[in-house]
Amino acid sequence: MIVDWLDACCGNPLADVCRAYVLLHHAMPDQAMGYVEAYASVTGSEVSAILAWLPAIAAARLTEGVANENDELLQLAGVSR
């Protein structure tokens with residue numbers, strides 16, 4: 001096991017699932033929702049509870065300076081241009 005203490009934190013695991021969704025949505029859009037649905041099915045979580053994190057997670061990703069994802073992230077965050 002490897003623990004990356006620079007990024008280690010305690011928080012809602014659904015936020016982590018949502019972050020993975022955001023990353024997958026850009027790289028593998030056809031599989032992103034399947035990941036969320038599989039997680040929800042295995043854990044008994046609601047897909048809507050996971051996706052409720054989208055505005056915050058997409059906004060946080062915007063601060064990472066990945067310019068080629070900006071339009072997509074704004075859309076995921078529910079912000080219109």
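This is a predicted model: local features need pLDDT of at least 70, side-chain atom pairs count only at pLDDT 80 or more; totals for chains, interfaces and linings use all residues.
User: OK, and what's the overall make-up: how many helices and strands does the protein chain have?
Analyst: Reading from the N terminus, the elements go α-α-α-α-α. Buried residues account for 27% of the 81 residues in the chain. The tally is five helices and zero strands.

User: What share of the contacts with a separation of 6 or more comes from residues 24 or more positions apart?
Analyst: Take the contacts in the protein chain with a separation of 6 or more. The part of them made by residues 24 or more positions apart is 48%.

User: Back to Arg61. Which helix does it lie in, and which residues does it contact once neighbours within four places in sequence are left aside?
Analyst: Arg61 lies in helix H4. With those sequence neighbours set aside, the residues in contact with Arg61 are Arg19, Val22, Leu23, Val66, Glu69 and Leu73.

User: Which residues does Arg61 form salt bridges with?
Analyst: One partner is Glu64, where the closest N and O atoms are 2.4 Å apart. In the other pair the closest N and O atoms are 3.0 Å apart, and the partner there is Glu69. So, with both distances within 4 Å, the partners of Arg61 are Glu64 and Glu69.

User: Is Glu69 buried or exposed?
Analyst: Glu69 has 7% relative accessibility. Because the cut-off for buried is under 20%, Glu69 counts as buried.

User: What does Arg19 pair with, and how many residues apart are the two?
Analyst: Arg19 forms a salt bridge with Glu64, with 3.1 Å between the closest N and O atoms. This pair links distant parts of the chain: Arg19 sits in helix H1 (residues 13–27), while Glu64 is in the loop between helix H4 (54–62) and helix H5 (70–76). Arg19 is partly exposed at 31% relative accessible area, and Glu64 is partly exposed at 40%. The partner is Glu64, and the separation is 45 residues.

User: How many salt bridges is that by the rule, and which residues are linked in the network?
Analyst: The count comes to three. The network of salt bridges links Arg19, Arg61, Glu64 and Glu69.

User: Now the packing. Are H1 and H2 roughly parallel or antiparallel?
Analyst: H1 and helix H2 (residues 29–43) pack at an angle of about 160°, with their axes 6 Å apart. H1 passes H2 in a right-handed crossing. Since angles over 145 degrees fall in that class, H1 and H2 are roughly antiparallel.

User: Which residues meet there, and how many are nonpolar, polar and charged?
Analyst: The H1 side includes Leu14, Val17, Tyr21 and Leu24, and among those in H2 are Met33, Tyr35, Val36 and Tyr39. His25 and His26 in H1 also take part. By class, the contact of H1 with H2 has 13 nonpolar, two polar and no charged residues.

Key
Residues are numbered from 1 along each chain as its sequence is written. Side-chain values use heavy atoms; hydrogens and water are left out. A salt bridge is a side-chain nitrogen of Lys or Arg within 4 Å of a carboxyl oxygen of Asp or Glu. Buried means under 20% relative accessible area, exposed over 50%, partly exposed in between (1.4 Å probe, protein chains only). Axes are lines fitted to C-alpha atoms, for helices over the stretch in contact, and angles run from 0 to 180 degrees between N-to-C directions. Angles under 35 degrees count as roughly parallel, over 145 as roughly antiparallel, 65 to 115 as roughly perpendicular and the rest as oblique. A crossing is left-handed if the near helix is turned anticlockwise from the far one by less than a right angle, and right-handed if clockwise. Contact means heavy atoms within 4.5 Å. Ala, Val, Leu, Ile, Met, Phe, Trp, Tyr, Cys and Pro count as nonpolar, Asp, Glu, Lys and Arg as charged, and the others, Gly among them, as polar.
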